Amino acid sequence: MNYDSDMMIDKESAKELAEQAVLSHTGWSRLPYDAVLTHAYYSRRGRWVFQWKRKTELTSSEVDRLLVWIRDNNVERVEIEWADRPPSPMISINVERILRSMGYSVATASASAIKEAVRKRAYEVTGKDIEVLEWRRINRSEWCVKTAGDEFWVGKLSDKAYVLLSPDGEIVGWKILPTSAVAISGFLGGYCDGDCPPCAGWCNCAELVKSYAEKWFGKDAVVWGMCPKYDWKTGTQDCTGSGYCDSYISSADFKNAIKDHRCKFYCCFAHGGCSKDDYGNITCSAWLGNEQGTQIDICAVSGWWCDLVVRDLMANRGRMRFAFLGHCGAMEVTGKDTFEYEFRKGESEKTTIIGYKFGGYGYTTWTKAFLEDMDKNRDKKIGDCFDDTCDLYPDSIGKIVLTGDRNQTLRDIIQGDFCKIT
């Protein structure tokens, strides 16, 4: 073969260029773990041809392949035919042996089990039983991972905990699905002359907001329910299945939903208050309930009694696009060190806060009318929705307050970018 050596790029340089082309097209950080180079040759057509196929001790595929043509110093063609996971995943004997030696009991599952697995949220890794589902490539942005790479074993610890395992069987990460909205209710507590049911709260309010949020963001993107999941009196009775609410979540679930930078919509119904003393010190808090004997409160800024602090939860993310503060006195004081200020992080654009000023007004009537107006008129300014709802219920004027951006629309929030960290 007589090829023009002056124009021909050498094999190693061409291979490197081909690999970069694959990474550029796929967004991967490196080639797949099970990609084997099957062809690397200079064609009669004056190009380098490189092909990788999926073939390891776990599975062999004649379908999945990566093909790149390199002519001179340019990428001429790229073909990507690569499934997200091997067609016949199975746990290796080596990984199973390592896990058992670490004290885990191991089970295997079909590949289809991963669909349900990744639908679940997991914010904390607990437990000792791992059901290894499959080896797969992950999107690192959707997991908490403490090691390099993007291909791992996926393991199930419980219905709420899914972990990543390295090839050596070490737990190196866990799953967090994107949260777009959070709708939470605290407990009634002693509101009913001290005789409220131990698992009762404003669940109907949270569920109302949840029903709209699911329409806007999708069912799997909404964290909702009563928080925490234990009775308000002792904090030890698990309220799950009590019949007062379909969903009870831990304070850790609530905390991590707020911290997720992809969360745009926040709503909380609870007992609360906000005040300023003679020295100008502001105290804003809301009581959620009792978790294992510890009273759970959320505060705007640090307080010795507060387990959840908005300023800290918002520290590593951008401002909340929309927040509804459904607790008494939430907007009685506004500005720095208050709930509304911390959720919008002092910004006035692309962030809107609505909340109760005096007591809780229209828990369902006003809120339902406002959400319905936004939903039916997604290009209508939120400020106009607010004013129209107040005109519909004049008693609400002065009791419910809006701060921040009046010009955002629901469509802006749904389709808009996540706010940058400020």
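I begin with a definition: a residue is buried if its relative accessible area is under 20%, exposed if over 50%, and partly exposed in between, with a 1.4 Å probe and protein chains only. This is a predicted model, in which local features need pLDDT of at least 70 and side-chain atom pairs count only at pLDDT 80 or more, while totals for chains, interfaces and linings use all residues. Residues are numbered from 1 along each chain as its sequence is written, and side-chain values use heavy atoms, with hydrogens and water left out.

Consider N316. With a relative accessible area of 65%, N316 is exposed. N316 belongs to the loop between α6 (310-313) and β17 (322-327); helices (H or I, at least four residues) and strands (E, at least two) are DSSP runs, numbered from the N terminus. The C-alpha atoms of N316 and K259 are separated by 7.5 Å, although these residues are 57 apart along the chain.

Let us turn to helix α5, residues 251-259. Of its 9 residues, 7 are buried, so α5 is largely enclosed by the rest of the structure. Among the buried residues are D253, F254 and N256.

Next comes strand β12, residues 222-226, where 5 of 5 residues are buried. V222, W224 and M226 point one way from β12, and V223 and G225 the other way. Strand β11 (residues 181-185) runs parallel to β12, and 5 bridges join them; two strands pair if DSSP finds at least two bridges between them. Within this pairing, A181 stands opposite V222.

How do helices α4 and α8 lie relative to each other? The axes of α4 (residues 203-217) and α8 (residues 365-376) come within 10 Å and cross at roughly 10°. Axes are lines fitted to C-alpha atoms, for helices over the stretch in contact, and angles run from 0 to 180 degrees between N-to-C directions. The two helices are therefore roughly parallel, a term for angles under 35 degrees. Residues including L208 and Y212 in α4 meet residues including L371 and M374 in α8, where contact means heavy atoms within 4.5 Å.

Finally, the largest nonpolar core has 45 residues, and F265, I354, F370 and L371 have the most contacts inside it. Helix α4 gives the most to this core, with 9 residues. Such a core is a set of buried Ala, Val, Leu, Ile, Met, Phe, Trp, Tyr and Cys residues joined through side-chain atoms within 4.5 Å.

Definitions and conventions: Right-handed = clockwise from strand over helix to strand, strands pointing away. Parallel < 35°, antiparallel > 145°, perpendicular 65-115°, else oblique.
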